[in-house]
Amino acid sequence: MSSDTQLILQAIPFGNGLCLDLGGNKGLLRDPLEKRGYRYINLDVRHFGGNEPSLIGDAHLLPFKDDALDMVVSKDTLEHFLEPKAAVTEVHRVLKTGGQFVIWVPWMHPFHGDDFYRYSPIGLKHLLRDFDLVSLESPLGVFTVVGLATIEALKRIRLGFLEQPLKHFCRLLDRFFTRHQKRPASFAAAYLIVACKPVN
Ligand SMILES: C[S@@+](CC[C@H](N)C(=O)[O-])C[C@H]1O[C@@H](n2cnc3c(N)ncnc32)[C@H](O)[C@@H]1O
């Protein structure tokens with residue numbers, strides 16, 4: 001399991017309701033979320049083989065009734081949505097009052113070919129203005145950011161085989177020196193947000 005996945009899972013409490021994995025791709029979160037007690041639904045625009053996703057659909061027009069879901073997880077997807085505010089408004093509509101929206105989204109991260117946006121902490125707060133913000137953290141900080149650039153440089157001089165050890169080393173440094181900051185770091189590879197649908 002990747003360290004991004006471990007970090008987002010740490011932010012998700014055990015529960016027993018319906019949990020939507022928005023843009024869940026091959027359903028890597030299915031097992032861990034079912035083990036946490038949720039009924040898991042993976043919605044994605046494309047089919048990935050086997051039974052994934054559970055639903056083909058578009059984040060901009062979710063095929064759920066109002067107040068239907070207990071939890072929505074969006075890991076590495078907000079940057080892919082053409083109209084992120086429309087998708088976030090849909091999440092707000094389909095979540096029950098008190099339901100949680102857990103997001104992992106890149107900030108200082110290389111372009112991966114089909115990502116439209118990056119979000120700063122204030123951009124995220126603005127985007128999520130209809131939710132109560134429970135936490136906004138940057139578990140992968142400056143060491144991972146420097147590591148990502150170094151890996152890119154190493155690849156150019158045929159030292160790409162150092163990618164995995166360097167990645168692990170940088171994440172270890174971030175674990176010890178970045179996670180305990182009170183405010184989200186400005187040099188962050190990604191942000192981890194927990195938001196909650198408030199009572200009207
Ligand atoms: C970088 S992948 C992340 C996949 C998965 N959440 C993970 O972390 O392994 C982005 C995913 O978002 C999906 N996606 C892009 N636009 C979408 C949309 N409008 N509605 C639903 N899913 C979408 C893509 O098909 C892709 O599976």
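**Group meeting: a walk through the predicted model**

L136 is partly exposed, because 18 other C-beta atoms lie within 10 Å of its own, whereas a buried residue needs 20 or more. If we set aside the neighbours within four places in sequence, the contacts of L136 are P121, L124, P184, Y191 and I193. One of these, P121, is 15 residues away from L136 along the chain, and yet the two C-alpha atoms are separated by 7.7 Å.

From there let me move to strand β5, which covers residues 95-106. Why do I call this strand largely enclosed by the rest of the structure? The reason is that nine of its 12 residues are buried. Strand β5 also pairs with strand β4, residues 69-75, and that pairing is parallel and runs over six bridges.

Next come some backbone details in the loops, which I would ask you to look at one by one. In the loop between β2 (39-44) and β3 (55-56) we find P53, and the peptide bond that leads from E52 into P53 is cis, with omega near -5°. Further along, in the loop between β3 and β4, sits D67, which has a positive phi of about 55° although it is not a glycine. D67 counts as exposed, since it has 12 C-beta neighbours inside 10 Å, and 12 or fewer is the cut-off for that class. D76, in the loop between β4 and α3 (84-94), likewise has a positive phi, near 55°, and is a residue other than glycine. With 19 C-beta neighbours inside 10 Å, however, D76 counts as partly exposed.

Now to the ligand. Which residues come nearest to it? Of the 15 residues around the ligand, those are G23, N25, A59, K75 and H80. Sorted by class, the shell is made up of four nonpolar, six polar and five charged residues.

Let me turn to the division of the protein, which is given as domain 1, residues 3-141 together with 181-196, and domain 2, residues 142-177. Taken over C-alpha atoms, the centres of domain 1 and domain 2 are 25 Å apart. Where the two meet, 10 residues of domain 1 are in contact with eight residues of domain 2. The side of domain 1 that touches domain 2 has seven nonpolar and three polar residues, and no charged ones.

I will finish with helix α5, residues 142-156, whose 15 residues reach 22 Å from the first C-alpha to the last, close to the 21 Å expected at 1.5 Å a residue. Within α5, the residues F143, T144, V145 and G147 are buried. What do the buried residues of α5 pack against? Their partner is α6, residues 163-177. Just after α5, finally, R158 takes a positive phi of about 60°, and with that residue I will stop and take your questions.

Methods: Residues are numbered from 1 along each chain as its sequence is written. This is a predicted model: local features need pLDDT of at least 70, side-chain atom pairs count only at pLDDT 80 or more; totals for chains, interfaces and linings use all residues. A residue is near a molecule or strand if its C-beta atom, placed from the backbone, lies within 6 Å of it. Ala, Val, Leu, Ile, Met, Phe, Trp, Tyr, Cys and Pro count as nonpolar, Asp, Glu, Lys and Arg as charged, and the others, Gly among them, as polar. Helices (H or I, at least four residues) and strands (E, at least two) are DSSP runs, numbered from the N terminus. The expected span of a helix is 1.5 Å times one less than its number of residues. Two residues are in contact if their C-beta atoms, placed from the backbone, lie within 7 Å. Domain bounds come from an automatic or database domain assignment. Two strands pair if DSSP finds at least two bridges between them.
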